[in-house]
Amino acid sequence: LFHGAVRTYASGKTLEDKVHESLTDIIEEFSSMVGKPVDLEDYMYKLVYNVICSAAFGVRYSMDDKEFQDFMKVTKDSFEIMAQGLFADIYPSLAFLPTPGKATCREVTVDVLEYVIRQVDLHRETFDPDNLRDITDHILKAQ
């Protein structure tokens, strides 16, 4: 289901256009920083996340948007937690104990899911099968 939606959506120039739009925002920010040192990691995250949000949910954020910053922070935190692994991965008997890593992982997952659910609910309200705007619309149509 997901693969078909992504293939349909990404097969044309649509995804390329999303990348170009986000790149334009980043380039504008860079042009105001001529001669200053820049940490590219944050801008690369912004670029990638904006392309993903735009393709998946049809939402393109300004680089300083509060919701966008919150979403980036939560997903980056979840990646860091998952990259560290949990003690229960090494010692399966610990899976039943409440550990700080497990609690943090649950909180971060809930935050990410709340964002995704909010976006899907918005799409359901405005869904038009004759006007597919993004990957979420393709998935809704395929259901």
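How many helices and how many strands does the secondary structure of the protein come to? In this predicted model, which numbers residues from 1 along each chain as its sequence is written, local features need pLDDT of at least 70, side-chain atom pairs count only at pLDDT 80 or more, and totals for chains, interfaces and linings use all residues. Side-chain values use heavy atoms, with hydrogens and water left out.

The secondary structure comes to 7 helices and 0 strands, where helices (H or I, at least four residues) and strands (E, at least two) are DSSP runs numbered from the N terminus. The order of the elements from the N terminus is α-α-α-α-α-α-α. Of the 143 residues in the protein, 29% are buried (buried means under 20% relative accessible area, exposed over 50%, and partly exposed in between, with a 1.4 Å probe and protein chains only). Contact is defined as heavy atoms within 4.5 Å. Among contacts between residues at least 6 apart in sequence, 57% join residues at least 24 apart.

Two packed helices are described by the angle between their axes and the distance between the axes. For helix α2 (residues 14-31) and helix α3 (residues 40-57), the axes come within 9 Å and cross at roughly 145°. Axes are lines fitted to C-alpha atoms, for helices over the stretch in contact, and angles run from 0 to 180 degrees between N-to-C directions. The crossing of α2 with α3 is right-handed; a crossing is left-handed if the near helix is turned anticlockwise from the far one by less than a right angle, and right-handed if clockwise. On the α2 side the contact includes L15, V19, D25 and I26, and on the α3 side it includes Y43, L47, N50 and V51. By class, the residues of this contact divide into 10 nonpolar, 3 polar and 4 charged (Ala, Val, Leu, Ile, Met, Phe, Trp, Tyr, Cys and Pro count as nonpolar, Asp, Glu, Lys and Arg as charged, and the others, Gly among them, as polar).

Residue D25 lies in helix α2 and counts as buried because its relative accessible area is 18%. Beyond four places in sequence, D25 touches N50, R60, Y61 and M63. N50, in helix α3, is buried at 0% relative accessibility. With neighbours within four places set aside, the contacts of N50 include S22, D25 and M63. M63 belongs to the loop between α3 and α4 and is buried, with a relative accessibility of 5%. M63 and I26 are 37 residues apart in sequence, and their C-alpha atoms are 8.1 Å apart in space. The loop between α2 and α3 holds V38, which is partly exposed at 31% relative accessible area. V38 touches F30, M33 and Y43, residues up to four places away not being counted.

The largest pocket has a volume of about 210 Å³. On a 1 Å grid over the protein atoms alone, a cavity is a set of points where a 1.4 Å probe fits but cannot get out, and a pocket is an open set with protein on both sides within 12 Å along at least five of seven lines; lining residues have an atom within 4 Å of a point. Grid points are joined across faces, edges and corners, and a volume is the space filled by probe spheres set on the points. Among the residues lining the largest pocket are Y49, I52, F71, S78 and V112. Two or more lining residues come from each of α3, α4 (66-84) and α6 (100-126). Helix α3 gives the most, with 5 residues. The lining has 9 nonpolar, 2 polar and no charged residues.
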